[in-house]
Amino acid sequence: MTQKKGHLSFLRCLFFVFFLAQIHVASAASPCLSAQQQLAQVDDWAKVSRIVDGDTVHLTDGRKIRFIGINTPEIGRRGARSQPYARKAREALVELLGRDKKIGLTYDKDKKDHYKRVLAYINLPDGRSIEQLLLAKGLAHSIVVPPNDARIQCYRRVEREARDAQKGIWRLQENQWQNASQLSKKSKGQRFVKGRITAYSESRKSIYLQLSKKLAIRIAKKDRQYFPGLKLKNLVGKYVRVRGWVSTYKGRQSIAVRTAHDLIIPSTL
């Protein structure tokens, strides 16, 4: 009898260890919080009065809300043409909000941007994340504006699945990985670029990692803290993938990168 009890105790212990291992594997495989976990983090509930576009809304209390972690295509203003999928992103948001238009707001470190808009992660009353849903439909890019990066690993995973499935914006040529040497001089906005870093240089305010004769990665020195443990000078000679906003200033074309999340360094060259 004692031996049988001991055997049952051993089996229970083995089952418990297996159960914990499964939880660990599941959490490691999915960086996204469950709907219930996201609801538990909601700081404030409010009602939407106006939907500006896929990532910006106005509330009945007068606040303007910019969603953290995503960027949807821009709707044209004052006669300008809307970007591809801009209206689809807005329509998708209208449908998700439904008649109630009630949303949960969760804040990160910075609560407002330089336009004085409130920055928040947005959840529906059932806990679903608006950002994740738009990313999954291929109607948004994931972005990082430091220091608000709490959910970027989740958003990048959801985005990657939409990209692999060629949904929405991921069908567009401008959203494919391009060699730095092939990037057009007229390119602007968010781009996805790959190449080998050939040189390192600095100006008074920025660090430059040269990718081609005409294009450099630009990192503001004030953002150096968001590349922890990374010696940027040691990246010369390495092949990288980088995502950021391309612009031209005084004839110099650069792609602005603000955090290590946007700089991918493969282990092999």
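A charge patch here joins like charges within 9 Å, from residues with over 30% relative accessible area and no salt bridge. Keep that in mind for the first stop in this predicted model.

Select Arg50, Lys64, Arg77 and Arg87. These residues gather in a patch of positive charge on the surface. Arg87 sits in helix 3, which spans residues 86-97.

Next, go to Lys101. This residue lies in the loop between helix 3 and strand 5 (102-106). Check its backbone: phi of Lys101 is near 60 degrees, a positive value in a residue that is not glycine. Most residues other than glycine have a negative phi.

Move on to Pro146 and Pro147. The peptide bond from Pro146 to Pro147 is cis, and its omega is near 10 degrees. Most peptide bonds are trans. Pro147 belongs to the loop between strand 7 (141-142) and helix 5 (152-164).

Finally, colour by confidence. The chain has a mean pLDDT of 89, with 88% of its residues at 70 or more. Select residues 13-28: here pLDDT is below 50, and the stretch has zero contacts in the model beyond near neighbours in sequence.

Conventions
Residues are numbered from 1 along each chain as its sequence is written. This is a predicted model: local features need pLDDT of at least 70, side-chain atom pairs count only at pLDDT 80 or more; totals for chains, interfaces and linings use all residues. Side-chain values use heavy atoms; hydrogens and water are left out. Patches are made of residues with over 30% relative accessible area and no salt bridge: like charges are joined within 9 Å, nonpolar side chains (Val, Leu, Ile, Met, Phe, Trp, Tyr) within 5 Å. Accessible areas come from the Shrake-Rupley method with a 1.4 Å probe; for residues, only the protein chains shown count as cover. A salt bridge is a side-chain nitrogen of Lys or Arg within 4 Å of a carboxyl oxygen of Asp or Glu. Lys and Arg count as positive and Asp and Glu as negative; His and the chain ends are not counted. The place of a charge is taken as NZ of Lys, CZ of Arg, CG of Asp or CD of Glu. Helices (H or I, at least four residues) and strands (E, at least two) are DSSP runs, numbered from the N terminus. pLDDT is the predictor's confidence in each residue, from 0 to 100. Contact means heavy atoms within 4.5 Å.
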